[in-house]
Amino acid sequence: MNIFIAGHNRMVGSAIARKLNKPFLSASKSELNLDNQIDVEKFFEKENPEIVILAAAKVGGINANNKYRAEFIYSNLQIQNNIIHSCYKYGVKKLLFLGSSCIYPKFAKQPIKEESL
């Protein structure tokens, strides 16, 4: 089964790859620009993944996220939309989309309740 791990060489994606312990499809940033819909579609058409694990995102920590808010959200929306659309378009059987954020209320009571945000 062709499994594509987007973000395979970053913190979360590399942990998934180690646990998977089998060959998987991957592409570095220089090989595949996830921000570019045409590039993503060409990759899906060529590689035909059956399972996609989306662990890729533009990240930089709290300070970078605060400083480059618009750039980060724009890039991450592009990445998720391109991957999700290509999964639909090319008949991917399963998609695991891992989303997270490192921006949170500094003094929020733990665990954070949804209404606290």
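Helices and strands, as I use the words today, are runs assigned by DSSP and numbered from the N terminus, with helices being H or I runs of at least four residues and strands being E runs of at least two. Please keep in mind that this is a predicted model, in which local features need pLDDT of at least 70 and side-chain atom pairs count only at pLDDT 80 or more, while totals for chains, interfaces and linings use all residues. Residues are numbered from 1 along each chain as its sequence is written, and side-chain values use heavy atoms, with hydrogens and water left out.

Let me start with the overall layout. The protein has four helices and three strands, and along the sequence they follow the pattern β-α-α-β-α-α-β.

Now to the sheet, where two strands count as paired if DSSP finds at least two bridges between them. The three strands make an open sheet in the order β1-β2-β3, with parallel pairing. Because β1 and β3, residues 94–97, stand at the edges with a single partner strand each, one side of each is left without a neighbour in the sheet. Four bridges join β1 to β2, which covers residues 51–54, and among the partners we find Ile-3 bridged to Ile-51 of β2. Helix α1, residues 11–20, packs on this sheet and touches both β1 and β2, and its direction makes about 155° with that of β1. Here contact means heavy atoms within 4.5 Å, and the axes are lines fitted to C-alpha atoms, for helices over the stretch in contact, with angles running from 0 to 180 degrees between N-to-C directions.

Which residues of the second largest pocket lie nearest its centre? They are Lys-29, Leu-34, Ala-56, Ala-57 and Ile-79, out of a lining of 20 residues. A pocket here is an open set of points on a 1 Å grid over the protein atoms alone, where a 1.4 Å probe fits, with protein on both sides within 12 Å along at least five of seven lines, and lining residues have an atom within 4 Å of a point. Strand β1, residues 3–6, and helix α4, residues 69–89, each supply at least two lining residues, and the largest share, three residues, comes from β1.

Finally, there are three salt bridges in the whole structure, each being a side-chain nitrogen of Lys or Arg within 4 Å of a carboxyl oxygen of Asp or Glu. One of them joins Lys-89 and Glu-41, whose closest N and O atoms are 2.8 Å apart. This pair links distant parts of the chain, with Lys-89 in α4 and Glu-41 in α2, 48 residues apart.
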